[in-house]
Amino acid sequence: MKYDILIIGSGPGGYVAAIRAAQLGRKVALVERAEAGGVCLNWGCIPTKALLKSAQVYGYCNHAEQYGLELSGEIRPNLEKIVARSRAVAETMSRGVQFLLKKNNIDLIAGTGRLTAPGRVDVDGTEYEADHIILATGARPRELPTIPVDGKRVITSRQALAMTRLPETMIVVGSGAIGSELAWFYAALGVKVTVIEYLPRMMPLEDEEVSKTMERAFRKLRATVLVGTAVRQVRVTDDGRCEVEIEGKKGPETLTADVVLSAVGIQANIEGIGLEELGVEVERGKVQVDEFYRTNIPGVYAIGDIVPGPALAHVASAEAICCVEAICGLDPAPVDYSTIPSCVFTQPEVASVGMTEQQAAERGIAVKIGRFPFTASGKATAAGDRDGFVKLIFDEQEHLLGAHMVGASVTEMLAEPTLARKLGATAHQIARTIHAHPTMNEGVMEAAEAALGAAIHL
């Protein structure tokens, strides 16, 4: 069978590439060895958010009296049912992807794809031809020799999404988005959680003020946060307990827990797909590409988690559209990696785009900073979610450099500062854009006013 474009991997990069190519009139095939939608829809973004929603509802029930509601009887989390709901949500989204593929006349080929020659792909013994081949094989949880995963006591995010019984204690190694979200989920359901972060602060890629706020939020949840702490070794004892040797500010010590969750990053799925046979350039575990995702081999492209850049679903989708449109001769603008939004769906949520204050200082950029605490927000006060703030960073010409937010629903607010940065908006333009009242989003306007020295509610 001959195709115009064949894509290996059906995650947010692969299936978006397939649909865009079909929209542009190309004959398209999509190869997938597991569930349609890839890790994001099935074992990442979507099922995680379903779990977190259940934990949020559980929290509301436990604090119902604060809203003038009286509940009788004991409220208990049933992890088996919570996980079942999460899996049902993931399956619904996966079926949605299959529907879109069928609607756009895209051939979904089940199996493991491997490059065999320029323009040729083998899928479990059957060979296909294509003028253009896009690799979108995604990533998997990274494993360290010091944290040997057995899938039962020492687990990755995949097993954490499918547990059916709550452990009494859990140690989470790593406080990036995955580690923080799963740590918050289990802590919110009553598990005694300890988060261990090697770097000096929690959520180390976020603005420093955000990190400090989230450390306080986790401790408020009665979770222990150990930063600047290295995990030397994890082992499982004969009685099934996990012993974790760490070294931090107090020196070497050993912690114990029922379960250890390793959330130390991800590793690109580049093995066994024919890169070596074709001579595709790989450096530091990533496929090397140009601004339109062309590899050094004509007709072979790569997008998503297997190329350098943020390993985020929405980034993979943007890369997919850019790649396909370039293949089809539409001359797209390259992806702007300085304006990539990032979200962490803990409670409070974390949302950011652009430079942090520290990054601006490192580059010698003079800045104006506007802050607005949600304690001054009428909507946040009415909702009972006053934790957090909006922080906007502007240059001397008052153009937005970065936005960093902590609070309820800030992930839904992030689109405005992302667009503002993309369009080069100024503090004055943001401040003079009328925002509906009462909304959480007023915080963006208020922070811009604060940067101008014209704050009304501070």
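**Strands, helices and their packing**

Q: What is the bridge partner of valine 244 in S14?
A: In S14, leucine 255 is the bridge partner of valine 244. This is a predicted model, in which local features need pLDDT of at least 70, side-chain atom pairs count only at pLDDT 80 or more, and totals for chains, interfaces and linings use all residues. Residues are numbered from 1 along each chain as its sequence is written, and side-chain values use heavy atoms, with hydrogens and water left out.

Q: What makes S13 and S14 a pair?
A: Two strands pair if DSSP finds at least two bridges between them. Seven bridges join strand S13 (residues 242-248) to strand S14 (residues 251-257), and the two run antiparallel. They form a hairpin with two residues between them.

Q: Why is H1 called roughly parallel to H4?
A: Helix H1 (residues 14-23) and helix H4 (residues 79-103) pack at an angle of about 25°, with their axes 10 Å apart. Angles under 35 degrees count as roughly parallel, so H1 is roughly parallel to H4.

Q: Which residues make the contact of H1 with H4?
A: Contact means heavy atoms within 4.5 Å. Tyr15, Ala18 and Ile19 of H1 meet Val97, Leu100 and Leu101 of H4.

Q: Why do S20 and S22 stand at the edges of the sheet?
A: The open sheet has five strands in the order S20-S21-S24-S23-S22, with antiparallel pairing. Strand S20 (342-344) and strand S22 (367-373) each have a single partner strand, so one side of each is left without a neighbour in the sheet.

How values were computed: Helix = DSSP H or I, 4+ residues; strand = E, 2+ residues; numbered from the N terminus. Axes fitted to C-alpha atoms, helices over the stretch in contact; angles between N-to-C directions. Parallel < 35°, antiparallel > 145°, perpendicular 65-115°, else oblique.
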